[in-house]
Amino acid sequence: MNNQNMNSSNGSFWRSISRRRFIQYTSLAGLAAATTKLGSCAAPQEQSATTESSPAASPTGGGTLRVLTWAGYDEPEVIGKFEQENGVKVEFKTYVGGEQMLQFFNQSPPGTFDGIISDGEYVTKLMEMGAIDPLNTADFPEIANFSETYQKFPGFFQGEQMMAVGTRFGNYGIAINTKYIQPEEVTSWNFLTDPKLQGKVAFFDWYLPNMGNASMALFPDNPNPYALTDEQLQQVKDWLIKVKPNVALITPNIQDITNAFINESVIAGPVGDWLIQNAIADGKTNFTAIVPKEGAIRWSEGATLCSASNNKELALKWVQYMASPETQARVANAKAYKGIAPNLEAQDFMSDEEKQLLGYVPDQDNPDKTVVEVQLERTRARQLPVNQPEQAWQDIYNEFKTS
C-alpha cells in the first residue's frame, strides 16, 4: 500500500487509492494491518470525510453511500455516473476474498456500510447474519435481460427470495503463456502435474477455487465439487500435493500474478482469464486461458443492500444501478481486473475490442454460441464445503501451501 495515503482521512483514503495500485501493493495481512491503523472501521460519523468536489455527508450518511467491495467498482468509469445523477459521494472499502469481507464487516459498527458486493457463496452467510435485506424482483426489471444462469442464480437467492443482484462473473480455468505452451496441450487439469512446469505455475491464494478445481479434476461427474466424502477430500489433498513441485507463486496479490506472467517467471496457473486480461489488453497477446475438459470453477459477484444502512433508498438505487447494462459493461472492463456481465445487453455498451477480450464473440468450436455462453455451460459455481467444516478444507489447503 502507498504509505503516503495512510495519513489521509478515512473517506479520502478509501477512494484515493486506485484499485490497481491497491491490489499491487497489498497482501491479505497488509490489508488487515491497514484496517487496524484506520481504527477498525470507524463509525459512519467518523467516515464522512469527502473531497472538496463532493457534497458534504449528513451524520446519518445522507450525502454519502458506503460500499464494501471487491476491486473495480470504485473506478470513476463505473461509479461516476451514479454520483453525478444522484448528487452524492460513494466511498469504498475493498477486500480480497470472502473471509476478509466478513472480517471487515464484523469489525465495523452497525450502519457503517450501505451496500456490499459479495461473492455468491458468501451472500448466504450475510443473509444468515441478518446483514442484508431481501430484494423485490419487481424493483429490478433488468433481470429479464440477464443470462438464464443469473436470472435466478442459487447463490443470490434464498428459495424464491432474491438477496443479491449479479454484477460480474468469471472462471478459474488454466491461464498459459503460448510462447511455451500450446493450447491443445491443456486438455485436462492433470496438465498442471507435468514435470516441464516445475517452478513455473502461479496460484491465486484462496482455498475455495483451488480445491474446487482439484475436485473437478478428480471427480468431473460430481454435480457439486464441494460435496465430497472424507475419502474424496483426502484425494483432493493428494492431487494438490502432486502439483506443488510445479508451483512458484501462491499469492492473493493480483498484480503480482500478472507481473509474473509478463516477466515469464511463471507460464501457467489455475487463475482463469480474469488475472491475465489486463496484460492482454495492454498488448501481451501471448496469453490465453482454457477451461479443461473436466470444467472449471466459476466465481460470481453480486450487489446487496445492508440491513443496518441509514440510507436505504439511495442504497437501493445503487443496487439497481449495478444491474444496468451500461454499468455492467464498465464493471466487466474495470482496470483492476476483468469479468463477464450477467446482463446480456451490456455488450451493446462495449467496443469491439472489449467484446473480443471478454468473449462476446463466436466460440471457435461452437460458432453458434459465444465464448461466454460456452464457458457458462462448462463451469460450476464456487460454493462452500458441504460435508465438512470449512476449517477442515482450509487446513488441507494450508498443508498444500506449506508442503
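1. Leaving aside its neighbours within four places in sequence, which residues is Ala334 in contact with? In this predicted model, the residues that Ala334 touches, once those neighbours are set aside, are Gly72, Glu75, Arg168 and Asn278.

2. Ala334 itself is found in the loop between helix H13 and helix H14 (352-358). Because its relative accessibility is 1%, and buried means under 20%, Ala334 counts as buried. Although Ala334 and Val78 are 256 residues apart in sequence, their C-alpha atoms are 7.7 Å apart in space.

3. Helix H12, which runs through residues 312-323, has twelve residues and should therefore span 16 Å at 1.5 Å a residue; the 17 Å between its end C-alpha atoms agrees with this. Its buried residues are Leu314, Ala315, Trp318, Val319, Tyr321, Met322 and Ala323. These pack against several elements, among them strand S1 (64-69), helix H4 (76-86), strand S12 (296-305) and helix H13 (325-332).

4. Helix H16 (residues 390-402) has 13 residues, and the distance from its first C-alpha to its last is 18 Å, close to the 18 Å expected at 1.5 Å a residue. The residues of H16 that are buried are Trp393, Gln394, Ile396, Tyr397 and Phe400. Because they cover an arc of only 160 degrees around the axis, they lie on the same side of H16. In general, an α-helix has 3.6 residues a turn, so residues three or four places apart point the same way.

5. As for what covers the buried residues of H16, the elements include helix H5 (98-106), strand S8 (201-204), helix H8 (207-218), helix H9 (230-243) and strand S9 (247-251).

Key: Residues are numbered from 1 along each chain as its sequence is written. This is a predicted model: local features need pLDDT of at least 70, side-chain atom pairs count only at pLDDT 80 or more; totals for chains, interfaces and linings use all residues. Side-chain values use heavy atoms; hydrogens and water are left out. Helices (H or I, at least four residues) and strands (E, at least two) are DSSP runs, numbered from the N terminus. The expected span of a helix is 1.5 Å times one less than its number of residues. Buried means under 20% relative accessible area, exposed over 50%, partly exposed in between (1.4 Å probe, protein chains only). Contact means heavy atoms within 4.5 Å. The arc is that of the directions from the helix axis to the C-beta atoms.
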